[in-house]
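Me: Please go through the salt bridges in the following model, with distances and accessibilities.

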Amino acid sequence: KFDIPLKKINAKQFAHRLKAKEAMGFFGYPRGGLQKMIDSFENEIKRKKGKIVTKSRVSKVNLKEKIIQVGGKKEKFDILINTLPLPEFLRIQNGLSNEEANRWKEIKYCPAISIVVGFKDLLSNHYWLNIFKEPFHMIIQHSWLFDGYKEKIVWLGRYGRSEEDLPLTDNQIRKKYFPTI
């Protein structure tokens, strides 16, 4: 997973994740979808008088002074939830110790595009399908392991060299990926 050679992942670890986590729905798709989960998270932050800033370019993060610079404005924060890729965050942050920054630099970053789709029926009799020479690389039919949703949940994934897809809109992703299905 995420650019780790398969020889470094033992079968016991893989089997445990499949049985104890994915088959039981622990790593499953959230009931009600991701937007329901995001909305709930956003509402809780707002209820606690937190501020959410979206669609803004963060240019600096000072972790010691707890100040984030968004465009030309500086904002104080109590808690910062970072969703930037680690290489980008490390470039704009100030305040991590050299030791911690160096540890974070060791993490190999591999962008991933993942689309979750609900279908009336599963696409095949296989849990995992590798796809070659197409915009995405795998079809994972999660409902083979955990069928507790109204729809049949299928993940389309692309790992590695997916940077070109990151700036695409949802509609552009649909147009690029869905014809292959």
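Me: Which residue forms a salt bridge with E75, the closest N and O atoms being 3.0 Å apart?
Reply: A salt bridge here is a side-chain nitrogen of Lys or Arg within 4 Å of a carboxyl oxygen of Asp or Glu. The pair links distant parts of the chain, 24 residues apart: E75 lies in strand β3 (residues 73-76) and its partner in the loop between α2 and β1 (58-62). Helices (H or I, at least four residues) and strands (E, at least two) are DSSP runs, numbered from the N terminus. At 3.0 Å between the closest N and O atoms, the partner of E75 is K51.

Me: How are the residues numbered, and which pLDDT do side-chain atom pairs need?
Reply: Residues are numbered from 1 along each chain as its sequence is written, and side-chain values use heavy atoms, with hydrogens and water left out. This is a predicted model, in which local features need pLDDT of at least 70, totals for chains, interfaces and linings use all residues, and side-chain atom pairs count only at pLDDT 80 or more.

Me: Is E75 buried or exposed?
Reply: Buried means under 20% relative accessible area, exposed over 50%, and partly exposed in between (1.4 Å probe, protein chains only). K51 is exposed at 57%. E75 has 19% relative accessibility, so E75 counts as buried.

Me: What is the distance, N to O, in the salt bridge of R47 and E44?
Reply: Both residues are in helix α2 (residues 33-47), three residues apart, which means a separation of about one helical turn. R47 is exposed at 54%, and E44 is partly exposed at 32%. Their side chains meet at 2.7 Å.
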